[in-house]
Amino acid sequence: MPGASLDPVLLAPRPPCTPEDAVAIGRRFGVRAVAARDLGSERDRTFLLQAGDGAGVAVLKVSNPAESPDTLDMEAAAVAHVATIDPGLPVARPVVAEGGERLAWHADGSTHWARLYQVLPGHGRHDPRLLGDAALGHWGTTAARLARALRGFVHPRAIRTMPWDVQHALHTRSMLPAVRDELARGAVERVLDRFEHVVAPRWRTLRAQVLHTDLTIDNALVDDHGRITGIVDFGDMSHTALLADLASVLDSLCTGRLGDEMFRTARLVVDGYQRVTPLEQDELDLLGEAWAARAAITVAIGAWRAAEGLEDQAFAERYTASSLAMLDQVLTIGWDELRRQLATPHDGADSTAGLAARRERVLGPAVEALTYDEPLQVASAAGVWITDVGGRRYLDAYNNVPCVGHGHPRVAEAIARQARMLNTNLRYLHGGAVELAERLVETLPPSLDTVFFVNSGSEANDLAWRLATTSTGNAGALCTHHAYHGISHATAPISPEVLPDELVPAHVERWRPPDTYREEHLDAAEMAAALDRLAARGIAPAMAILDGVLQSDGVHDPPAALVQEWVRLTRAAGALWVADEVQGGHGRTGEALWSFARFRIEPDIVTLGKPMGNGHPVAAVITRRDVAEAMAAHTVLFSTFGGNQVSVAAAHAVLDVLADERVLPRVVEAGEALRAAVGEVAAGHRVVGHVRGVGLANAIEIVEDRRWGAPAPELARRIRDRLRHHGVLVGITGRAGNVLKVRPPLAFTTEHVPVVAQALRTVLAEVDP
Ligand code: PMP
């Protein structure tokens, strides 16, 4: 006998109410029916009261003798609550007769409460296999709406132990002897074991409220399209986790579907649910187990009630075969695969070596290789910490894109919310992009008043090139010697970092930026010579482009006077000055939002990218009106994704967080502390030639010996790999490949400095004892 804590309604016999009794009770409600048809019920009696022509005139429900009137009051209150909050939900509402909402009917020495409902349109006991895809989504949506409508509903009777509610799945263990088939019993036991070990400990952390818990094909009426026209039977209501509702819907709607179709069905239902209520990660993680538990419960309770004679066996066990088929399938594929089927189907799960080999095969040889001798297989990240699939945390001192920190909640929420609401293009009027453009313009010199939205740094620089060539009529470009500005056809030639010298085309000339370590190229002679070389080939320059932190050239901080001279020479040659802020912008330097600000120059074009959306692809070009007008004379610009509402929402959130968290002064402080701490560690090691940087764009130059400065790229790579081993991620840059690039998310603070310093101390002691 199951535990005494079970709600007694499950133990008491059904009311001995005949159709004739039903007609008589109906009369007491004032309904003149001539016949009654039993609609089937687990523990109550439900009849359709019929007129002479067989048409239904009302539904009569006679409750189990163990049913408490307080519980019935709760049901009535819940229905009234739902009808108020979401009047569009077709919940069956009780008919209030003269004698009130319910009448007592006495039989076998017990009192049974009878309630009367209006007849709702639609068919009952529909075959769930006939539900089409749209109907499946609609069911999920309706379940979520019903739960949402009940969110604010409270009632003391909702704290109860109904074994149909998956939170009490383990109560059905005591029913298992009634499951006669050994294999079936074993399957149910395995599912309950899994529930006990995996779900039960986390259950109380899940979102919970009073819920219907039993929105099944038996408790809904549907139209010809399978859409719900009536929701009946609030008799299982409980305070439980949202998952309980979903488990019952999935269990019911997937009945009779097997293989891929079963999972496809489940996903469509869950999609429908998430249209209204997005699931939390924990809920998605446990959904499979909850669904399987509900199927296990169905088998256990059916067998037990049949064995106890509480219900007709055929009715009690009508879903046993399909539930067992579901369990069989789940136990065959395993819980991880079930989770993948429901939530994360494309994680490409594999060992690091296996995945690296697959990557190599499918992405091919031209794609940049994985970083580190032991590649990092990443699982998640938050702030400045990246976690690998083995659960190890690494301090991210490398990635500049997650500028306000990995997974910043403001940005993540902005993206998710906007993606749910609207995501289209700039051909439709929407305030977000206009406001973002205005915001960006406000941060720039007044002449830069026109904004184009694109999707990557490459695209921004590509467009800058088009603007520059169009507005100047010239065809030459200047960039620094080892610059990187993009992947596109126009920007690859100005990206010598990834281009062999001999492939730098004739329209591009390069100048060497100052090397403050070796004290070379400290004046504008390099730039003047580059312009001369271009002129000698008969090519006039359209633009000179500079990454304000010279990241690819090894991270340098050229003096403002020198940059001003570069700009002057560029303009004198008829070209525009492009400030590439894809690396240096959005607060990287700490002194200002844009890295060119410290040179006190006024660029003709500014390009933004990487950190702009904290990892979401969004980029921009900002220029003068006359430059845009030159373009407008020839063509119009449209980028499908450029300025879409989701990207724009991400970009706004980044700017908001930069301001709210006062990131810029923190960058200055963290950068100074980092350079000081690294300098101190490096002092005892001659292989560290130079420590330099601005804000959180920093370089540690590795050389054979500080006194003569010959680059040591192999050693730099080793140090980088050993730092990864000790839990700190940095990169490599510079023409000779010997510069450690320490360029963390701007969420990096002085608190993280000792972590870098300690790892570096350990590694330098290893490689340079
Ligand atoms: N400009 C600079 C200075 C960059 O660092 C980069 C990317 N490393 C780009 C442009 C190109 O940006 P994306 O990769 O988004 O196309």
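## Cavities

A search of the whole structure, which is a predicted model, finds 5 cavities of 30 Å³ or more. A cavity is a set of points on a 1 Å grid, laid over the protein atoms alone, where a 1.4 Å probe fits but cannot get out. Grid points are joined across faces, edges and corners, and a volume is the space filled by probe spheres set on the points. Rolling a probe the size of a water molecule over the atoms shows where empty space is left.

The largest cavity has a volume of about 50 Å³. Its lining (residues with an atom within 4 Å of a point) consists of D251, C254, T255, M262, A295, S322, S323 and M326. Helix α9, residues 320-333, gives the most to this lining, with 3 residues. Helices are DSSP runs (H or I, at least four residues), numbered from the N terminus. By class, the lining has 4 nonpolar, 3 polar and 1 charged residues. Here Ala, Val, Leu, Ile, Met, Phe, Trp, Tyr, Cys and Pro count as nonpolar, Asp, Glu, Lys and Arg as charged, and the others, Gly among them, as polar.

## Ligand shell

The ligand is surrounded by S456, G457, S458, N461, Y484, H485, D547, D580, V582, Q583 and K610. Each is near it, with a heavy atom within 4 Å. The shell divides into 2 nonpolar, 6 polar and 3 charged residues. Its largest share, 3 residues, comes from α14.

## Ligand contacts

Polar contacts are pairs of N or O atoms within 3.5 Å. A backbone N or O atom of G457 lies 2.9 Å from a ligand oxygen atom. The side chain of S458 places an N or O atom 2.4 Å from an oxygen atom of the ligand. For D580, a side-chain N or O atom is 2.7 Å from a ligand nitrogen atom. Taken alone, the ligand exposes 400 Å², and the protein buries 82% of that. Such areas come from the Shrake-Rupley method with a 1.4 Å probe. Two elements give two or more residues each to the shell: α14 (457-472) and α17 (581-584).

## A buried loop residue

L279 sits in the loop between α6 (260-276) and α7 (281-307). L279 counts as buried because its relative accessibility is 10%; buried means under 20% relative accessible area (1.4 Å probe, protein chains only). L279 and R207 are 72 residues apart in sequence, and their C-alpha atoms are 9.6 Å apart in space.

## Basis

Residues are numbered from 1 along each chain as its sequence is written, and side-chain values use heavy atoms, with hydrogens and water left out. In this predicted model, local features need pLDDT of at least 70 and side-chain atom pairs count only at pLDDT 80 or more, while totals for chains, interfaces and linings use all residues.

Notes
Polar contact = N/O pair within 3.5 Å; in protein donor to acceptor, adjacent residues only side chain to side chain. 1 Å grid on protein atoms, 1.4 Å probe; cavity = no way out; pocket = protein on both sides within 12 Å on 5 of 7 lines; lining within 4 Å. Buried < 20%, exposed > 50% of the residue type's maximum accessible area, 1.4 Å probe, protein only.
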